[in-house]
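Reader: Hi! Could you walk me through this one while I have it open on my screen?

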Amino acid sequence: MNTSENTGEDVPFDLSKAAAAATEELLPSKSKERYEKQFQIFEDWRRLKNVTSLTEDVFLAYFAEKSSSYKASSLWSTYSMLKAVLLLKENLDISKFCKVTAYLKRKSTGYQPKKSKCLSRDQIDKFLLEAPDKEFLLMKVALIFGVSGACRCDELSRMLVDDIEDQNNVLIVHIPDSKTKKPRRFVVVDERNLATYRRYLELRPPSTPHKRLFLNYKKGKCTVQPVGLHSFGKFPSQIATYLGLPTPLEYTGHCMRRSSATLLVDAGGDITNLKRHGGWQGSSVAEGYIEESIENKLDIANKIQAGPKKRPFTNIETCPSTSSDSSEICCTEISTEIFDKKVKLDHKSLSGINIANISNSTINVNICK
């Protein structure tokens with residue numbers, strides 16, 4: 001669609017060229033081909049159906065046909081990509097088509113997207129401790145970095161040697177180019193993790209012509225070939241297979257990122273910490289990476305079902321005072337019951353406790369602890 005025709009103004013060629021170049025940059029550079037492909041599929045469908053208009057009914061019919069073979073998540077993804085390309089190429093905003101969005105929402109009702117399974121802390125520790133380095137050293141380092149920083153597979157694949165600061169007792173790892181365009185950092189601690197990383201780094205061939213951190217590893221040696229994106233996506237299932245976990249193929253490339261988020265929340269991290277840790281912008285997206293852990297369910301169940309704890313009390317056994325005015329009491333023993341645990345305090349622990357004008361008696365004293 002020509003802007004000069006719409007406005008009636010004669011736009012200079014250099015400005016039109018600059019505007020066209022700026023328009024091309026509006027689509028995400030990493031996934032531009034996918035956006036263009038979805039638009040081409042839609043155009044082919046229009047030609048096949050002899051459709052020349054771009055009305056709401058046309059898009060409603062298109063998505064209704066696609067719903068027979070697309071999952072709800074794929075329908076929304078297709079809608080998002082078409083919306084972006086049509087706005088650039090046809091100056092058409094399909095987000096104003098209310099019936100289309102209502103239809104997509106209806107198709108999403110009850111849909112549960114498949115999510116990668118998570119590795120527990122015990123499973124991670126077992127793999128790092130028991131798996132032989134000769135076969136699994138690369139996967140160990142990828143697992144340490146992936147879980148420590150909630151890393152995406154592409155972030156691991158693009159990580160450079162220069163992105164890591166080794167400060168003896170800690171590694172500071174920089175992720176300069178994340179999916180959300182916001183750089184972030186994380187740290188790797190624990191002597192065992194640091195030693196594993198350093199063993200792997202020592203195997204780096206001096207002749208490596210690039211600075212990619214992760215190199216292909218086989219039989220205890222590294223090559224100069226960098227590890228590809230899809231290889232990182234297969235690591236979790238291979239780790240699950242080694243551990244003998246059921247359905248290992250359900251441990252996908254998102255496993256390390258989801259495991260990291262789940263471990264953080266299980267340890268008491270709040271949503272703010274979680275979003276900063278993983279670089280998530282929205283709370284709903286961040287929460288989608290958290291596994292419905294048994295630990296969280298047990299904590300909730302205990303709070304609801306266990307009821308209030310017993311109120312602690314102290315029983316002070318006293319003897320008759322020898323004083324004529326009974327101004328003081330001789331305390332022989334204090335037994336205190338705090339949360340069903342009886343603790344007896346010796347005579348030395350009773351200093352500072354003065355009870356006046358009381359004769360032979362038993363006194364109950366509440367203790368807040």
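This is a predicted model: local features need pLDDT of at least 70, side-chain atom pairs count only at pLDDT 80 or more; totals for chains, interfaces and linings use all residues.

Reader: Nice. Switching to the nonpolar side: how many residues are in the largest nonpolar core?

Author: It has 44 residues. Those touching the most other members are Leu119, Phe127, Leu143, Phe145, Met159, Tyr200 and Phe214. Helix H8, residues 133–149, gives the most to this core, with 10 residues. There is also a second, separate core of 20 residues, which includes Tyr35, Trp45, Tyr62 and Ile94.

Reader: Back to Tyr200, what does Tyr200 touch?

Author: Leaving out residues up to four places away in sequence, Tyr200 touches Leu137, Leu138, Val141, Leu213, Phe214, Leu215, Tyr217 and Cys222.

Reader: How do the axes of H8 and H10 cross?

Author: They come within 9 Å and cross at roughly 120 degrees, with H10 being residues 191–202. The two helices are therefore oblique to each other, and their crossing is left-handed.

Reader: Which residues in H8 and H10 meet?

Author: From H8 you have Asp133, Leu137, Leu138, Lys140, Val141, Ile144 and Phe145, and they meet Asn193, Thr196, Tyr197, Arg199 and Tyr200 in H10.

Reader: Now backbone torsions. Which residue has a positive phi of about 70 degrees although it is not a glycine?

Author: That is Asn168. For context, most residues other than glycine have a negative phi. Asn168 is in the loop between strand S1 (164–166) and strand S2 (171–175), and it is exposed, with a relative accessible area of 63%.

Reader: And what about the phi of Asp190?

Author: Asp190 has a positive phi too, of about 80 degrees, and is not a glycine. You'll find Asp190 in the loop between S3 and H10, where it counts as partly exposed at 40% relative accessibility.

Reader: Last one, zooming out: how many helices and strands does the protein have?

Author: There are 15 helices and 9 strands. Of the protein's 369 residues, 34% count as buried.

Terms used
Residues are numbered from 1 along each chain as its sequence is written. Side-chain values use heavy atoms; hydrogens and water are left out. A nonpolar core is a set of buried Ala, Val, Leu, Ile, Met, Phe, Trp, Tyr and Cys residues joined through side-chain atoms within 4.5 Å. Buried means under 20% relative accessible area, exposed over 50%, partly exposed in between (1.4 Å probe, protein chains only). Helices (H or I, at least four residues) and strands (E, at least two) are DSSP runs, numbered from the N terminus. Contact means heavy atoms within 4.5 Å. Axes are lines fitted to C-alpha atoms, for helices over the stretch in contact, and angles run from 0 to 180 degrees between N-to-C directions. Angles under 35 degrees count as roughly parallel, over 145 as roughly antiparallel, 65 to 115 as roughly perpendicular and the rest as oblique. A crossing is left-handed if the near helix is turned anticlockwise from the far one by less than a right angle, and right-handed if clockwise.
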